[in-house]
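The following note sets out numbered points on the model shown below. Each point concerns one region or residue.

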Amino acid sequence: MTIRVLIADDQMMVREGFSVLLNAMPDIEVVGEAVNGREAVTKVRELTPDVVLMDIRMPELNGIEATREIVAADGTARVLVLTTFDLDEYVYQALRAGASGFLLKDASARQLADGVRVVASGEALLAPSVTRRLITEFSKLSEAPRAFTGAHAAYGDLTERETEVLVLIAQGLSNAEIAERLVVAESTIKTHVSRILVKLGLRDRTQAAVFAYEARLVTPG
């Protein structure tokens with residue numbers, strides 16, 4: 001099944017370079033490009049991509065606001081943020097807005113394609129330690145979890161096991177790794193993850209991880 005990708009970046013060389021790399025993959029097709037956040041929002045509605053590669057600093061509407069609008073309006077498109085600097089507060093804001101992960105712009109062709117596949121599959125691009133470091137670093141600066149006020153109120157609805165799974169998600173573990181850690185079937189963990197997201201009103205594992213740090217379920221460090 002072909003993964004449909006939209007590339008949103010105000011730099012033509014970046015858009016063209018990523019298009020060439022991704023279109024060379026047999027399972028990925030670049031279906032469109034956008035030069036700013038407003039155009040990205042419009043083209044998501046028109047082209048219904050599976051994944052949006054989103055630059056943050058763009059004219060008219062930045063990548064954070066574009067991500068927020070796409071996540072709010074569309075139930076399927078996943079946003080993968082592009083950045084030149086891993087510890088970027090704007091990336092953290094984009095994760096809070098609903099992005100499913102981020103990639104550095106100097107990523108290799110393989111990293112780029114793998115990132116698109118991971119996000120398209122519904123997983124969060126949380127495996128790299130730098131992502132956890134990003135969340136940890138900026139959650140230290142966060143006050144009350146403003147973006148997740150409703151979720152924070154529902155935190156008490158989680159069972160003890162669901163809370164345990166949420167903490168492990170925030171630590172960057174995959175479903176298989178969590179299942180191994182807790183000595184249960186992977187299907188059981190998938191069920192727990194689904195229930196956590198529903199109870200907290202969150203979109204995916206990335207938002208769950210950010211919430212866990214901001215709710216101080218995981219100690220930054």
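1. Lysine 105 is buried, because its relative accessible area is 18% (buried means under 20%, exposed over 50% and partly exposed in between, with a 1.4 Å probe and protein chains only). This residue lies in the loop between E5 and H5; helices (H or I, at least four residues) and strands (E, at least two) are DSSP runs numbered from the N terminus.

2. The model is predicted: local features need pLDDT of at least 70, side-chain atom pairs count only at pLDDT 80 or more, and totals for chains, interfaces and linings use all residues. Residues are numbered from 1 along each chain as its sequence is written, and side-chain values use heavy atoms, with hydrogens and water left out.

3. The side chain of lysine 105 makes polar contacts with the side chains of aspartate 9, at 3.0 Å, and aspartate 55, at 3.3 Å. A polar contact is a pair of N or O atoms within 3.5 Å; within protein, one must be able to donate a hydrogen and the other to accept it, and residues adjacent in sequence count only if both atoms are side-chain atoms. Apart from neighbours within four places in sequence, lysine 105 is in contact (heavy atoms within 4.5 Å) with residues including Phe18, Leu82 and Thr84.

4. Five strands form an open sheet in the order E2-E1-E3-E4-E5, with parallel pairing (two strands pair if DSSP finds at least two bridges between them). Strand E2 (28-34) and strand E5 (101-104) are the edge strands, each pairing on one side only. On average, neighbouring strands of this sheet are turned by 25° against each other, direction ignored. Helix H5 (residues 109-120) packs on the sheet and touches strand E1 (3-8), E2, E3, E4 and E5, its direction making about 125° with that of E3. Axes are lines fitted to C-alpha atoms, for helices over the stretch in contact, and angles run from 0 to 180 degrees between N-to-C directions.

5. Strands E3 (residues 51-55) and E4 (residues 78-83) run parallel and are joined by five bridges. Leucine 53 stands opposite leucine 80 in E4.

6. Glutamate 33 belongs to strand E2 and counts as partly exposed because its relative accessibility is 28%. Its side chain is joined to that of serine 19 by a polar contact of 2.9 Å.

7. Helix H11 (residues 205-214) is mostly covered, with ten of its ten residues buried. At the start of H11, a side-chain oxygen of aspartate 204 reaches to within 3.2 Å of the backbone nitrogen of glutamine 207. Arginine 216, which follows H11, has a positive phi, near 65°.
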